[in-house]
Amino acid sequence: MSVKSPYNAELTAADRDRILAKAAIFAPPSNVLADGRRDLVGLSREELAAEVAAAGEKPFRAKQLWHWIYHQGVTDFSKMSSIARPLQEKLAEHFVVGRPEVSLDQLSKDETRKFLFKFRDNEAVETVYIPDPVEDRGAVCISSQVGCTLSCRFCHTGTQRLARNLSSAEIVGQFMAARDAYNEWPSPKGETPRLLSTIVLMGMGEPLYNYENVATAMKIVMDGEGIGLSRRRITLSTSGVVPMMDRAGEELGVNLAVSLHAVRDDLRDELVPLNRKYPIKDLIAACKRYPAASNARRITFEYVMLKGINDSETDARALVYLIAGLPAKVNLIPFNPWPGSTYETSSPAAIRKFADIIMDAGYSSPVRTPRGQDILAACGQLKSMAQPAG
Ligand code: SAH
Ligand code: SF4
């Protein structure tokens, strides 16, 4: 049995309540359209069942709707062929199966594709599809908030103040709309990889500051009678919201990525200001407790390579010391510049040396190849108002 480090449960619970209360202040608008119809996307199974019951229909209708919405990807009630015409019409009077509007769709020369999705209140986020360069599969990088409160110094999203949290419909809707764009319906059965085969919650925003909506969306995505993506195919990235990490691990069991970026508190305080609240020691302790981590499912430590800031050999050795004993890998991300950014990317030689030190200590240390830089789609370049490149 692994030894879980102790932590102050009372303090953590109080902090968690505070985070959830703050998330509520930035709550998304309701799922009811101006014409009174309700969007069925983003409702949990229980909520969908309640809607169906309130409309005076039998419970099995909820199961049928779930299948049409999340397995078949159908948005038009008249195409739901197992439902009789009069009921189709009744459903269409009361409900919609919504999608975010594609307000910009850009293709990089490396095939990475970036969508600007606009929601009903005109707020927008970016979503990126990153195809595997070799195989027919790829990752959809999903946003969780419009903007971010956290202002990490090297991140473009951090320059955009938080407008609001995304709803569960808007989170799952990014994936569904991306699937529409690649004609990937119905959902694949079992583990057959398809183009949109994994989800990374690595877009705009801090997913653990919008936990409830992210959790509802991920439960929908993981439901075996719908989209059916296994928790192993989902990775949630956090800048280190310690009190919510345990809960995400227990309730969702998805893979965890942690934006570490520095091995000393003085530097991390500066680069990732959230560190002042949850310092490195607490963050590593939360990683040690993370229930869904194992040797088969290692925690990814993300580490942006900033020239002359955090890329020395001493830093690399300190990193190895920090993660000792954790089932971990280190993802080195060469800094991606954006308009107005002040940092420089580490030299290839410095990155190589850094990666070697980590690898020699027995950890995998892939260097993330920047993708979609020409359309500002790479890590940390996303922002709602991004203009087309060129
Ligand atoms: N807010 C979450 C999710 C975003 S994930 C988080 O911070 O973890 C995006 C990853 O890209 C994070 O590790 C982030 O720190 C990193 N990143 C941000 N700006 C970057 C940049 N300009 N270049 C490279 N990586 C960057
Ligand atoms: Fe927010 Fe993550 Fe960017 Fe930091 S790196 S500002 S937490 S989106």
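Reader: Is Asn 122 buried or exposed, and where is Asn 122 found?

Author: Buried means under 20% relative accessible area, exposed over 50%, and partly exposed in between, with a 1.4 Å probe and protein chains only. Asn 122 has 54% relative accessibility and therefore counts as exposed. Asn 122 is found in the loop between strand E4 (113–118) and strand E5 (124–131). Helices (H or I, at least four residues) and strands (E, at least two) are DSSP runs, numbered from the N terminus. The structure is a predicted model, in which local features need pLDDT of at least 70 and side-chain atom pairs count only at pLDDT 80 or more, while totals for chains, interfaces and linings use all residues. Residues are numbered from 1 along each chain as its sequence is written, chains are lettered from A and ligands numbered from 1 in the order in which they are written, and side-chain values use heavy atoms, with hydrogens and water left out.

Reader: What is the phi of Asn 122?

Author: Phi of Asn 122 is near 75°, a positive value in a residue other than glycine. His 261 also has a positive phi, of about 70°, and is not a glycine. His 261 sits in the loop between strand E11 (255–259) and helix H8 (265–271). With a relative accessible area of 4%, His 261 is buried.

Reader: Which residues does a cis peptide bond join?

Author: The bond between Trp 185 and Pro 186 is cis, with omega about -5°. Pro 186 lies in the loop between H5 and strand E9 (198–201).

Reader: How many salt bridges does the count come to?

Author: Side chains of opposite charge can pair when their charged atoms come close. A salt bridge is a side-chain nitrogen of Lys or Arg within 4 Å of a carboxyl oxygen of Asp or Glu. By this rule the count is 30. One of them joins Arg 99 to Asp 180, at 2.7 Å from N to O. This pair links distant parts of the chain, 81 residues apart: Arg 99 is in the loop between strand E2 (95–96) and strand E3 (101–107), and Asp 180 is in helix H5 (residues 168–181). Arg 99, at 22% relative accessibility, counts as partly exposed, and Asp 180 is partly exposed with a relative accessible area of 31%.

Reader: Where do Arg 352 and Asp 356 lie, and what separates them?

Author: Both belong to helix H11 (residues 348–360); because they are four residues apart there, about one helical turn separates them. Arg 352 is partly exposed at 44% relative accessibility, as is Asp 356 at 29%. Elsewhere, salt bridges that share partners join Arg 45, Lys 63, Asp 223 and Glu 225 into one network.

Reader: Is Ala 355 buried or exposed, and with which residues is Ala 355 in contact?

Author: Ala 355 is placed in helix H11 and is buried, its relative accessible area being 0%. Contact means heavy atoms within 4.5 Å. Leaving aside neighbours within four places in sequence, Ala 355 is in contact with Leu 332, Ser 365 and Val 367.

Reader: What radius of gyration does the protein chain have?

Author: The radius is taken over C-alpha atoms, and the globule rule is 2.2 Å times the number of residues to the power 0.38. With 390 residues, a compact globule would have a radius near 21 Å, and the protein chain agrees, at 21 Å. The chain has 11 helices and 13 strands, and 55% of its 390 residues count as buried.
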